[in-house]
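Open the model in your viewer and keep the selection tool at hand.

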Amino acid sequence: MREKLLWTIGCSLLLSLAVRAQTSTPSPPAKPADASPHKVQFVTVEPGVKLEVLDWGGTGRPLVFLAGLGFDAHGFDTIAPKLVPKYHVYAISRRGFGASSAPQPRNGNYSANRLGDDVLAVIDALKLQRPVLAGHSIAGEELSSIGTRHPEKVAALIYLDAGYPYACYDPIHGDIILDSLDLKKKLDLFVSAAVPEMNEFFSDLQTTLPRFENDVTETRKKLALSPPRPPHAGTPPPIYVAINAGEQKYTGIHAPVLAFFAVPHDLSQVFPNDPVARKAAADYDLRTTGAQADAFAKCAPGARIVRLPNANHWIFDSDEAEVLREMNAFLANLP
């Protein structure tokens, strides 16, 4: 189990989440039994689907946390109470996780925009006036979905090591998952004889294929730096696959943004006994995650980008004091 965990962490970080469809998200730092002072309620977001919402109380501006892939609202049990003196703090468990409903994947019901709409439905149901949304990891896609389509619904967005390609697509560097989805759509059109204009189609394909080939080359480089995959690592559950298949290319975020990046990530657990491999992986992570942070700044003009060296992917745990300081300063300056 430990070997699988470490391999998963390595892939999540070293591959810049490029193989996120192949593994589950690694476990965060261990927490004590839930003694966090929150209330629990359930909000219907569509017929037959209810989401678990935790409410820590508070009287200030509403602040809503969104969890990373594979986790739920309780991941914020430690940090949330520390924000209650200034904000009314909530957290949402997305569909498929925690105590929320888990409908079978079908017809795009786990797509990025569908998950974003779930968050908007909770905001409307609770009558929250332009809350701040703070999302960890894959929740970056929900933040960007809302920040792209309905920025008027929120006061600001906070990305907690969540600004990766699913939240901001960089056409210069590409992304193996998003480009795979794009290429598949094009080829499906061709195979089904549904291409409206052949010359335009093949011209577009000539642009797409070199980008995808570069994705493959880059992913092989990343894999060479990753720990060996443990035997019997297994396949991801259908909901994980559906979320990955529902990713979207977001290129413009129209809301005030604070974005944290762990640059490079803490890889001490991934390579505990191999300093040479750890150094090579950290150097690669520094370059690629740094490039993604630069690209994210272009997606969200005016964003406050905070790079925390050697932070954990659970940046609000490993660097809690800095995250709280930056969040409070950012939120204090919002209109």
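The tour covers the nonpolar cores and then the backbone of some loops.

This is a predicted model, in which local features need pLDDT of at least 70, side-chain atom pairs count only at pLDDT 80 or more, and totals for chains, interfaces and linings use all residues. Residues are numbered from 1 along each chain as its sequence is written, and side-chain values use heavy atoms, without hydrogens and water.

**Cores**

Select Leu133, Leu157, Tyr159, Val257 and Phe296: within the largest nonpolar core, of 48 residues, these touch the most other members. A nonpolar core is a set of buried Ala, Val, Leu, Ile, Met, Phe, Trp, Tyr and Cys residues joined through side-chain atoms within 4.5 Å; buried means under 20% relative accessible area, exposed over 50%, and partly exposed in between (1.4 Å probe, protein chains only). Next, show helix α2 (residues 112–125), which gives the most to this core, with 6 residues. Helices (H or I, at least four residues) and strands (E, at least two) are DSSP runs, numbered from the N terminus.

Apart from this core lies another, of 34 residues, including Ile158, Val306, Phe316 and Leu331.

**Loops**

Go to the loop between β6 (156–160) and α4 (176–191), where aspartate 161 sits. Phi of aspartate 161 is positive, near 50 degrees, and the residue is buried, at 0% relative accessible area.

Then select asparagine 310, in the loop between β8 (304–308) and α8 (315–318). Its phi is also positive, near 60 degrees, but asparagine 310 is exposed, with a relative accessible area of 52%.

End at proline 264, between β7 (257–262) and α7 (275–299). The peptide bond to proline 264 from valine 263 is cis, with omega near -10 degrees.
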